[in-house]
Structure formats: C-alpha cells, structure tokens
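Please open the structure in a viewer and keep the selection panel at hand.

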Amino acid sequence: MITFTYEGLPLEVEPGISVAAALIKHGERVTRFTRFNSKPRGIFCGIGVCFDCLIEVDGQPNQRSCITTVKEGMVVRVQHGS
Amino acid sequence: MEARYQVIVLGGGPAGLNAAKYAANSGCEVGLIDAGTRLGGQYWRHTGQEDFDQSVHHDFDQGSLLMDAVRANKRITIHSDTNIWSASIINDEVVLRTKAGAFITQRLIIATGAYDRSLPFPGWDIPGVMAAGAAQSLLKGHGVLAGKRIVVAGTGPFLLPVATGLYTHGATVVGLLEASAKYSWARNSVELLRNPSKALEGLGYLMELRKGKVAVRFRQAVIAAHAGADGLLESVTIANIDSEWKIRSTYKLSCDVAAVGWGFTADTAIASSLGLALEVDATGSVTASVNENQLAKQSNSAIQIYAAGELTGIGGSDLALVEGAIAGLSVANSTRDLKVLKKRRKKLRRFAQTLTKVYPVLPGWNSWLTGDTTICRCEEISYSDIKAAQEEFDASDARTIKLMTRCGMGLCQGRICGRAIADIMDSPTHERINSAARPILSPITLGEVAQEGLL
C-alpha cells in the first residue's frame, strides 16, 4: 500500500491505480471547482478525453486525475478555476 | 529524439495490437505507439496486478494472448504512455510529435479507438454522473467501484457488461435503463441468429443480472440529475419516453452514481490532422473512409495510411481485431488469410449496422434540455446561451454558435459536446467533418514545444 494526501488528508491505496480511482475508493468525488460558476466537478469520461477531472498534483495544476497514476507521498489538492 | 519505423501503429487496443502483430509477422519492423500505460486499449483495460480480476472482462484470455504475442515479438517496439500532440505530413513522411520526440514513417496504421458518446441533460455535470465507460474503466483498470447505488442508463449493448460488472463486484444497480424499445431486436432477430456468440454474451449478462433482481427497463432514460447539499449526486429523474424519446411520465431514484452511455464516438483527431478523407456514419459519428484493405484516402501517394477499428465505424472488438489484421497484412503487402478475414469483416460489419438500427439515438433527447442545462462542460455554456445566440443573433450553424458562445472551445476541444451541438444545430455532414480537426492533439506546454526546437 502507498499513502498520498488529498487536501492534507492522508489516504492509503494499492499502488498502480489512478488518482481519480484512489479518491473514489475513499468516497471523495470532487477534483476541481469550475472557473466561472465554482461548481464542483469530478471524473466524467474516465479515459483522459473530457478534462473534467483536472486536479492539482504536487503543485502542478491541470493534471487529468483519471490517467495520472497515484504515487507514494503525492500531494493532491482540489483545483480552483483553471 | 527522432525514431523511424518501417510501419507505425497508433493505439494498443484490439485493432492496433492485431495490426502490429500481423505486420510484424509479415516481416515489417513496427513501432507501436500507445497513450495508455498498459497495452489493451479500453476494451482490455486491466490493472496490471498479478491478482488482476479477469471476471470484469468478457474475453480477457484472447487479449492476454495477443498482448503477450506483441510484447514477445522482436520486430515490434512498444512505446507506452506516449501521447501524440501533433501529426502532420512533411516531405512525404508522416511526422508524429510526442513529448519523447518525433516518430517518423511512410506507412502508418491508425487505430485510435473511440470514447463514450454523451448527451447533455440537466445536472450531467454533477460529480457522480459519468459516462458508462468511466464506471467500466474504474472497474477494469483500477479495480474500483464507481459507487454504491448506481443507475446505468443510455442505449446500446455496452450497458449490459457495465451493469453486470458493477453488480457482480458489489454495487447495487438501482436501475438499468435502455432507451430503445423492448422489441427493437424483433425485426432484426435474424442477425442475432447469425451471430450466436453475441446473442449468448448478451444473454449471459441478463442472467447474471437476474440474480440481483436487476431487470432492463426499456424506453426509459435519465433525463435529469440532482445534487444534495454536498454538491454531489443524490438522485436522478427517470422518464418513460415514447417512440420519439419525448417524456411521457417521470419518477425519481436515489443513487450516488449515474453511468450514462449513448454509444460511442470515434477518435478521429489524428486522422483529421493527417488529412484523411472522413465521412459521417448512420449514427452521425465522424469516421475515416477506407478501401477494402483498410487503406485510407488521402492525397499524398508517397505514403500509406491505414485505419482500423472504431475509427472506421463503431463495430466492437471482434470487428476491430479483423480490421487490424487486414491493415497489418496489407501494409506488409501480404495476402495470406486476407480472403477469410474480409469475409469475416463483412459479417461483423453487418452486425454492427444492425446495432445502429436497434439502438438509435433519436432527436427527441433535445426536449430534455432546460435553459440552465450545461451544454459545454469546459466553458460552462448553457442551453439558454446557445438559444440566445440563435435567436438574438441569428446564429444558424454550429461554427457560429461556437464563435459566439465559446462552446466547444475549452480544454476538451469539443470532444464531449461537439457532437451534441452538431445534433442541436442539425449540422450537415461537411460541418461535422470540419469540426473533427484538433490541431493540438494533446496538452503540451510552450516550453516543451520550444525544447523540440519548434518555436
């Protein structure tokens, strides 16, 4: 098992899965808030096409959580705006 | 980095894998470029773990053998995790740019597959609403259930394996809604008899679902999703719809996930960049035109570009395998087995045609839209924004709507809403084809472009 943090909260998951899958496993669905209406968004297409599940990973915004593999010690934060 | 191959295959799904295998076995040096971390494409998406749960797949054994054969083939070099951000023809060569450098060839096989077709409806942007393929990819690729109480809805045979996988892995499938009529197969039952393995596969899902008392509810659709106080999906409104998909009556179901799929859209981005002749199939999907050897039409005679799999029309994995094999043989100028393969392709294409008749997406879905329904998820453009552009400024085609509202101009570049907007605007064929172009195929920073010496 590996540990990463989401909004500062440590979460444990099996290695090899995506950030989106890791979050859903722990009941967390929100990856970002939209830039105009501040609406929560999460995984939609699940295969890297729709860009709706963008998230901040280790300080880098605009990462597609559905195709980004979660790593030990990764710092994941909800993205606000784009 | 610059890499040259005699043949380059794009895509590691059924079509691309088979194309690479057949081309290599016919003597070609092949570079197989795949955006995925692991081979298999969407269809054979898997976790890569030793204890990987194969029960989520219909025929993983076949995929496993093919992936092993491709990995073991010394004439095939696999480039996984490799996204092409630009595809062009320069000096009689196909140049494919990636963050790992350029890949160059004169013989290309494009097998880029497809993604879920989505229709907008009120609340489809609430977290918890997702494409049917997203729920499937979470389960197949990551061993994770999308939720606990799940509604599976839309149209097409794909809904059955999705619902079955979710149910057998512990989710409660609170509703399985098929927009087509219960007897839609009746008029085409002869095609089911001609394809008994498909009929048996479907029956297998239905029997499995029966154990969980999950029955398909025909002529029903999710027409709205509702969020709770936490902003997440709490319930959906389901409508009984008529033969034109107009709403007759409604009821609500509580759920934490709605997995909704309306068939598939071919990924034509690379094909379009390279100037391949495109057409619009019976379902309104843009596809690549190919000849009987899967050779695509394009204007440069020094190069050969083939297309195989969903890119040439949505047809499923069996058809993709056959088309990949034909493309792989043809690119190597081999005629071995070609006759048998073409016969099989004919049969499978006919079955695919039948599916489009049995599971049509009817224009009545437009009537489910409300003024505040988001149409373009990226740019947050509502249906009333589009209506305003139409009514106040006389915008009468999808391109003008795009320029006036920015719908389709966000991060996904219209991949999700483009087809829906074309349907709303009743776009003619040439406009649908023109809107398939995506000059930048995947995200790249200016810094990365500069490193390639392209700025």
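Select β6(B) and β7(B) to begin: a hairpin of two residues joins these strands. The model is predicted. β6(B) covers residues 93-98, and β7(B) covers residues 101-105. The two strands pair in the antiparallel sense, with five bridges between them. To see one of these bridges, select B:Thr98, whose partner in β7(B) is B:Gly101.

B:Ile89 has B:Val94 of β6(B) as its bridge partner. Two residues lie between the strands of this hairpin as well, and B:Asn91 adopts a positive phi near 50° there.

Now select β1(B), residues 2-4. β1(B) runs parallel to β7(B) and is joined to it by three bridges. Select B:Arg4 here and look across to B:Ile104, its bridge partner in β7(B).

Display the four strands together. They make up an open sheet of mixed pairing in chain B, in the order β1-β7-β6-β5. Which strands stand at the edges? They are β1 and β5 of chain B; each has a single partner strand, so one side of each has no neighbour in the sheet. On average, neighbouring strands of this sheet are turned by 20° against each other, direction ignored.

The crossing of α4(B) past α6(B) is left-handed. On the α4(B) side, show B:Leu160, B:Pro161, B:Ala163, B:Thr164, B:Tyr167 and B:Thr168; facing them in the contact are B:Gly202, B:Tyr205, B:Glu208 and B:Leu209 of α6(B). By class, six of the contact residues are nonpolar, three are polar and one is charged.

Finally, colour the chains separately and turn to the place where chain A touches chain B. How many residues does each chain bring to the contact? Chain A contributes 25 residues and chain B contributes 28 residues. On the side of chain A, select α1 (19-25) and β4 (40-41), the elements that give two or more residues. α1(A) supplies the largest share, three residues. This side of chain A consists of 13 nonpolar, seven polar and five charged residues.

Terms used
Residues numbered from 1 in each chain as written. Chains lettered and ligands numbered in written order. Predicted model: local features only at pLDDT ≥ 70, side-chain atom pairs only at ≥ 80, totals over all residues. Pairing = 2+ DSSP bridges. Axes fitted to C-alpha atoms, helices over the stretch in contact; angles between N-to-C directions. Contact = placed C-beta atoms within 7 Å. Nonpolar A, V, L, I, M, F, W, Y, C, P; charged D, E, K, R; others polar. Left-handed = near helix turned anticlockwise from the far one by under 90°.
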